[in-house]
Amino acid sequence: MKDSYAYYKDRLEGEYYQTFDRIELYCVSQGMDDDSQERLLGELLDMFLTAQQAGRPVQRIVGGDLEAFCRQFCSGLGWKSRGIDTLNNLASCAKWMLAFTALELVCNLEEAALPDLQTDVSGYIIGWGIGLFVSLLLGMAVKGLMFRWKRISMGVYNGLLLGALAVLVAAVLLLPEAGVPLPVLSLPMWAVLAGCGGYLVVYYAVRSWWRKAHNIQPPQKIKLIDLVTEELPKDLLTQYEQKNQRRLRRGKPPITPEEYTEKMRRRNRIDRRFRGVWWWLLVAGYACLVVWVAMDSALADTLVFAAILCAIAFVNRKFFRYIDQVTDWWTEVLAVCDRNGVTAIEYFQGSRLHVVERDAPEES
């Protein structure tokens, strides 16, 4: 699911969220994939957000019979739409096959020439088939029960889907140990690479042409800084209130806004010092690991190990990039608080800060 779709869905509250969640669950039970789901439900999500902001009841959109609305909403989904969803899912499988086959090629290239290298693709086909079968079977079951048992939601569906897939994967792994042979389909590596790469090229070319022909704009990606500035103040204010409630229940005095602000100021200084050191330590550690592996391994193994470390470093960089955004945001918040003589809690609440900024004299 795209970040923007999930982000705006989480902004729904109460009956708006529950109603949209059930409509989304009905669409998923029809076999709709993430791309189609976001495209078809995007406009409905905008309507829900507008109605929530205006205070209008959600029944003005869906009417009194939610099941009838869902059937009408999905009435245009035929075999053509299901075929497009299948091609989308097949593209995801082709990405994994291409990545792992390329990695296997790098590991075995010194043993034989490319025309002689073979790879077993049965695991990819079995995994893709199991995922498709389980999702369709579970979707049929959910479709018949969701309007009779209101406890079924998208969270329950996703939990059941992951559980069923985990059980089937475990069974597939245990079958060879039980003496049940699994089918083996060996193909030349060059054919797998060419087939997956060619399919992905055609797939993305056709998808780009389709979006331009139907004037479908890709969703705007939510920037990380937007999540920090919009969501973090509310979360921190809630945490501050909950922490003081726990302290009061234990007979301890609550933390004052001034104490909280000073605590955050000390923590911000530590985070800024840490940020200046961590990246170089990480790079030095990874370089030492690559040199250590290169001393006792072949060049291909060293390159694979370095590629894996680069992937891990990329994930770590994204995580620490979030920390950097939070640290920079805290530095700016504390600077505003110092200029206006307010605490961080008052900044979160917003009321006094706006008055002070409006009445503050301009610097000469």
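The model is predicted, so local features need pLDDT of at least 70 and side-chain atom pairs count only at pLDDT 80 or more, while totals for chains, interfaces and linings use all residues. Residues are numbered from 1 along each chain as its sequence is written, and side-chain values use heavy atoms, with hydrogens and water left out.

A salt bridge here is a side-chain nitrogen of Lys or Arg within 4 Å of a carboxyl oxygen of Asp or Glu. By this rule there are 3 salt bridges.

Select Glu67 and Arg71. Their side chains form a salt bridge with an N to O distance of 2.7 Å. Both sit in helix H5 (residues 66-73), 4 residues apart, so about one helical turn separates them. Helices are DSSP runs of H or I with at least four residues, numbered from the N terminus. Glu67 is partly exposed at 23% relative accessibility; buried means under 20% relative accessible area, exposed over 50%, and partly exposed in between (1.4 Å probe, protein chains only).

Next, select Glu262 and Arg265, whose salt bridge spans 3.1 Å from N to O. The two are 3 residues apart in helix H11 (residues 257-296), about one turn of the helix. Glu262 is partly exposed, at 33% relative accessible area.

Asp338 is exposed, at 52% relative accessibility. Through shared partners, salt bridges join Glu262, Arg265 and Asp338 into one network.
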